[in-house]
Amino acid sequence: MNQTLTIARPDDWHLHLRDGAMLRAVLPETARHFARAIIMPNLVPPVVTGAQAAAYRDRILAALPDGMTFEPLMTLYLTEDTDPADVAAAAETGLVKAVKLYPAGATTNSASGVRDFDRVRGVLDKMAEIGLPLCVHGEVTDAEVDIFDREAVFIDRVLDPIRRATPGLRVVMEHITTRDGVAYVKANDTDLGATITTHHLIINRNHILVGGIRPHYYCLPVAKREEHRLALRAAATGGDARFFLGTDSAPHTDANKETACGCAGCFTATNTMSILAQVFEDEGALDRLEGFASGNGAAFYRLPVNAATLTLTRGEAVTYPAKIITGEGEVTVFDPGFPLHWSVSA
Ligand SMILES: [Zn+2]
């Protein structure tokens, strides 16, 4: 007998849509299942000002196919030159829902990120005052810190000092990958939340490196040891409202992934909800999928839960295309490595 599960339509609290031909190809993959998404601002050049965010939102809406509904929730890329008044004005109109902090050089298109945190103090103070969340890519970029340790070191060296220096600042630790990240959220208050990606619930670092290098499993922050993956699964499925879905779905063409210096990112927009239903079923937590995908993030961002719904049905194995075709080239869809039995209907 087929089992069905109907949940409030989910949102993706961390998404890369890019621009141009790539945007047009990947946007329907998200809009098919998700009502809203927090849109990452790391274009080239980055989305720094309110005016740039408004223009990017208009390009996203123009790329949305007829008959689909989707609300992009815009973010600003924090730089050492960001103007607190511009941030406040963009938040006031409802255009901008968060500001994104990339340590300089942390990931794709992050060269404009912050080097000296004292130079963004005015922006952070303004954000604390108006309740605008700061989304952080939580990795230090110091060359001497091992790539597998960069999240834990970031918490100690950067995140905790920022939070202590800015009382009331609301922070989302984006795409946490370690038990250290989980523990830091749990040890703090409701001003701190964290997104967890789909792929970090599935892969550990062995998936990337054992038996040959698998470029489509390479992302940043890089997947860690199995003990960390298990901590993420426990956090995602455990019902704590401070943890919510942010896929970090990040399209790169196969040509840019399968090369001597491949780009970081997994493209999961297409099959995320099927994968998550499987994860939550495996953890005996299907009743908590709605909170993780549809409720907790909306609560953190102080937005209403979507009135529309999404229905998942368990039955015969469902298949998704291995790749999507874009105007820039093919993009490989994340392969969870196990059959998917939950199909999704609007
Ligand atoms: Zn990202």
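Author: The dialogue below takes up a metal site, a pair of helices and the nonpolar cores in turn. This is a predicted model, in which local features need pLDDT of at least 70 and side-chain atom pairs count only at pLDDT 80 or more, while totals for chains, interfaces and linings use all residues. Residues are numbered from 1 along each chain as its sequence is written, and side-chain values use heavy atoms, with hydrogens and water left out.

Reader: Which residues are the protein donors of the zinc ion?

Author: Donors are N, O and S atoms within 2.8 Å of the metal (3.2 Å for Na, K and Ca); water is not among the atoms, so sites may look incomplete. Here the protein donors are H14 (NE2), H16 (NE2) and D248 (OD), at 2.0 to 2.1 Å from the zinc ion. Their spacing along the chain is H-x1-H-x231-D. Helices (H or I, at least four residues) and strands (E, at least two) are DSSP runs, numbered from the N terminus.

Reader: Is H16 buried or exposed?

Author: Buried means under 20% relative accessible area, exposed over 50%, and partly exposed in between (1.4 Å probe, protein chains only). H16 counts as buried because its relative accessibility is 8%. D248 is also buried, with a relative accessible area of 7%.

Reader: How does one describe two packed helices?

Author: One gives the angle between their axes and the distance between the axes. Axes are lines fitted to C-alpha atoms, for helices over the stretch in contact, and angles run from 0 to 180 degrees between N-to-C directions. Helix 10 (residues 272–282) and helix 11 (residues 289–300) pack at about 140°, with axes 9 Å apart. Helix 10 is therefore oblique to helix 11; angles under 35 degrees count as roughly parallel, over 145 as roughly antiparallel, 65 to 115 as roughly perpendicular and the rest as oblique. M273, L276, A277 and F280 of helix 10 meet L289, F292 and A293 of helix 11.

Reader: Which residues touch the most other members of the largest nonpolar core?

Author: A nonpolar core is a set of buried Ala, Val, Leu, Ile, Met, Phe, Trp, Tyr and Cys residues joined through side-chain atoms within 4.5 Å. The largest has 95 residues, and L17, L134 and M173 touch the most other members. A second, separate core of 14 residues includes L73, V172, A298 and Y301.

Terms used
Contact means heavy atoms within 4.5 Å.
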